[in-house]
Amino acid sequence: MTTVYTIEDLQKAVSISKNEGKTIGFVPTMGALHEGHISLVKKCCEQNDICVVSIFVNPTQFNNQADLEKYPRTIEQDTKILEKAGAAIVFVPSVEEIYPEPDMRQFDFGQLDKVMEGKFRPGHFNGVAQVVSRLFDIVKPDRAYFGEKDFQQLAIIRQMVRQCNIPVEIVPMPIRREESGLAMSSRNQRLNDEEKSEAVNIYRVLSESKKLYKYKAVEEIREKVIDDINKIGSLKVEYFEIVDGNTLQQITNWSETDYAVGCITVFCGDIRLIDNIVY
Ligand code: AMP
């Protein structure tokens, strides 16, 4: 495995493989890697000759400076994990390497980024689109891997690829969970034991709502999930919306779609956790 820090070195490393006709798979990450990331890396290694992983904590997608500063950074451990998982190239650029000058591009995702994460984190998806489009342009992968945990992000990336005609196949990957059901996340590292035991209730309540949903109206399920989670310790739901999984617009009736997804964000103390469930 090679670790590269500059675009020039990355492109040198990738072009050798491209010239040999090898396929390039790409997994963009912000590091602090866990089994969720590794499931993407393993799939990427399976489906491509070369797996490139980037580790870059992208400042333009953070709308909260403290969150950016507190984001866990565990680069040495990450590199070891990636080597074991089979990655060929790890790209660890500096902020200056990715943004030699400020990125002023404004993407228009229509209604897709007006709801949920887009509504509560203004500018977040514009920052995600800036960095992912830039990384795609640098790596020029055949396939790129994204987790369904960041459900709205996946929809935005797909839209960006369509809008900008980027020749890459987007491969979605299922949410990896702890045994307790808690969705794996780099932010989980910041939870203490008590918070962790509270946070497992997010998926428990979502799963219960899936058992019930056929018998209840959308709004009833929505309210029940919010109430049940808010009853637990320090948990505070920021939003829970039941949406059409393609348009991300709220539904009011289950018959409106055959792809209903419940998307949630919960504060556990000051740590913001996201999860979702397909009904
Ligand atoms: P991040 O480092 O948080 O930007 O995540 C990098 C990629 O890993 C994104 O495509 C995420 O959706 C994905 N990912 C993060 N957590 C999980 C998880 N628990 N299961 C599957 N994919 C995940």
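Q: Which residue forms a salt bridge with E219?
A: That's R222, with the closest N and O atoms 3.1 Å apart. Keep in mind that this is a predicted model.

Q: Where do E219 and R222 sit relative to each other in helix 10?
A: They're three residues apart in helix 10 (residues 218–230), so about one helical turn separates them. In general, residues three or four places apart in an α-helix point the same way, because there are 3.6 residues a turn.

Q: And how exposed is E219?
A: E219 is partly exposed, at 37% relative accessibility. R222 is partly exposed too, at 22%.

Q: What about K43, which residue does it form a salt bridge with?
A: With E46, and the closest N and O atoms there are 3.6 Å apart. K43 is partly exposed at 26%, while E46 counts as exposed at 62%.

Q: OK, and what does R176 pair with?
A: R176 forms a salt bridge with E35, at 3.8 Å between the closest N and O atoms. That pair links distant parts of the chain, 141 residues apart: R176 is in the loop between strand 6 and helix 9, and E35 is in helix 2.

Q: How many salt bridges are there in the whole structure?
A: A search finds 19. There's also a network of them linking E117, R121, E238 and R272.

Q: Switching topic: is helix 7 mostly covered or open?
A: Mostly covered, with 14 of its 16 residues buried. Helix 7 covers residues 124–139, and K140, which follows, has a positive phi near 50°.

Key: Residues are numbered from 1 along each chain as its sequence is written. This is a predicted model: local features need pLDDT of at least 70, side-chain atom pairs count only at pLDDT 80 or more; totals for chains, interfaces and linings use all residues. Side-chain values use heavy atoms; hydrogens and water are left out. Helices (H or I, at least four residues) and strands (E, at least two) are DSSP runs, numbered from the N terminus. The expected span of a helix is 1.5 Å times one less than its number of residues. Buried means under 20% relative accessible area, exposed over 50%, partly exposed in between (1.4 Å probe, protein chains only). A salt bridge is a side-chain nitrogen of Lys or Arg within 4 Å of a carboxyl oxygen of Asp or Glu.
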